[in-house]
Amino acid sequence: MSRKKTVKGKAAASSPSAGSPTGKWAGRTARSSPAIVPLNGVVHPGGPAVSSSSEFYDIAFKVMLVGDSGVGKTCLLVRFKDAAFLAGSFISTVGIDFRNKVLTIDGVKVKLQIWDTAGQERFRSVTHAYYRDAHALLLLYDVTNKASFDNIQTWLTEIHDYAQQDVVLMLLGNKADAAQERVVKREDGERLAKEFGVPFMETSARSGLNIDLAFTAVAKELKHRSLKDPSETFKLQEYVDKEMKSSGCCRA
């Protein structure tokens, strides 16, 4: 579910791309913006930087939400950013929109610039241009829509063709709260994620299930890659499994 928004043009400056290769889906270094010093392929402000919400941050990353139209990308973003649920009739996102949020990850202020993309075919040429600068991709399907799940492999092909070689990728089965309408089993999502070697969890923008966990896990992985502290070990899949197990597979 998403609401209509205007297209963000080139005025929205793109960030350099993400860290060192660690898996099948992952980022190459891209161009940097003025007044920003790229380090290890990640945006590191030359001095104390401030987000659009007047909050200081240490490092910044671009995260894209991708998937079919209607899988709930905009609702997931609004739930994470504003802790609210967009109720009402479905209106498609037009083109690209984004929001910022700063998280504190192990004492480091991490800014996520989260891009909400249109899922319709006619906007694909627009969204393709944004793949190359993304540090992480959250790929969504709707557990109540079998077609959106079947199309995941098509999205993975696009990611392989257009995204950075080392982009952080996570698969999310959204609308998990709609138990009566479910047509895609959790096991199906787990199987597909295992096949492609990517972390997986089910989410719900309505209830908040696993929303914070998904973004926090990605932020931790990106921060770990950028700082490259040899004394610190972090594995995204292990972190996700541990957090979901400790909370009974559900985090609101």
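The protein chain holds seven helices and ten strands, where helices (H or I, at least four residues) and strands (E, at least two) are DSSP runs numbered from the N terminus. This is a predicted model, in which local features need pLDDT of at least 70 and side-chain atom pairs count only at pLDDT 80 or more, while totals for chains, interfaces and linings use all residues. Residues are numbered from 1 along each chain as its sequence is written, and side-chain values use heavy atoms, with hydrogens and water left out. Of the 252 residues of the chain, 55% count as buried (under 20% relative accessible area, with exposed over 50% and partly exposed in between; 1.4 Å probe, protein chains only). The chain exposes about 11,300 Å², and carbon and sulfur atoms supply 52% of that area (Shrake-Rupley method with a 1.4 Å probe; for residues, only the protein chains shown count as cover).

**Nonpolar cores**

- The largest nonpolar core has 34 residues, of which Leu112, Leu138, Met170 and Phe215 touch the most other members; such a core is a set of buried Ala, Val, Leu, Ile, Met, Phe, Trp, Tyr and Cys residues joined through side-chain atoms within 4.5 Å.
- Among the elements that give two or more residues to this core are strand S5 (59-67), helix H1 (73-82), strand S8 (136-142), strand S9 (168-174) and helix H6 (211-227).
- H6 gives the most to this core, with eight residues.
- Leaving aside residues up to four places away in sequence, Phe215 touches Leu65, Leu76, Phe80, Leu103, Leu112, Ile114 and Leu138, contact meaning heavy atoms within 4.5 Å.
- Another core, of 25 residues, lies apart from it and includes Tyr141, Val143, Ala193 and Phe196.

- S8 and S9 run parallel and are joined by seven bridges (two strands pair if DSSP finds at least two bridges between them).
- Across this pairing, Asp142 stands opposite Asn174 in S9.
- S9 also runs parallel to strand S10 (residues 200-202), with three bridges joining them, and the bridge partner of Leu171 in S10 is Phe200.
- S9, helix H5 (residues 186-196) and S10 make a right-handed β-α-β unit; right-handed means that, with the strands pointing away from the viewer, the path from the first strand over the helix to the second runs clockwise.

**Salt bridges**

- The whole structure contains eleven salt bridges, each a side-chain nitrogen of Lys or Arg within 4 Å of a carboxyl oxygen of Asp or Glu.
- Glu202 forms a salt bridge with Arg182, their closest N and O atoms being 2.8 Å apart.
- Glu202 lies in strand S10 and Arg182 in the loop between S9 and H5, so the pair ties together parts that are 20 residues apart in sequence.
- Glu202 is buried at 1% relative accessible area, whereas Arg182 is partly exposed at 28%.
- Glu221 and Arg225 form a salt bridge with closest N and O atoms 2.8 Å apart; both lie in helix H6, four residues apart, about one turn of the helix.
- Glu221 counts as buried at 6% relative accessibility, and Arg225 is buried with a relative accessible area of 6%.
- Asp82 pairs with Lys81 in a salt bridge whose closest N and O atoms are 3.8 Å apart, and Lys81, Asp82 and Arg99 are linked in a network of salt bridges.
- Asp82 is partly exposed at 39% relative accessibility, and Lys81 is partly exposed at 30%.
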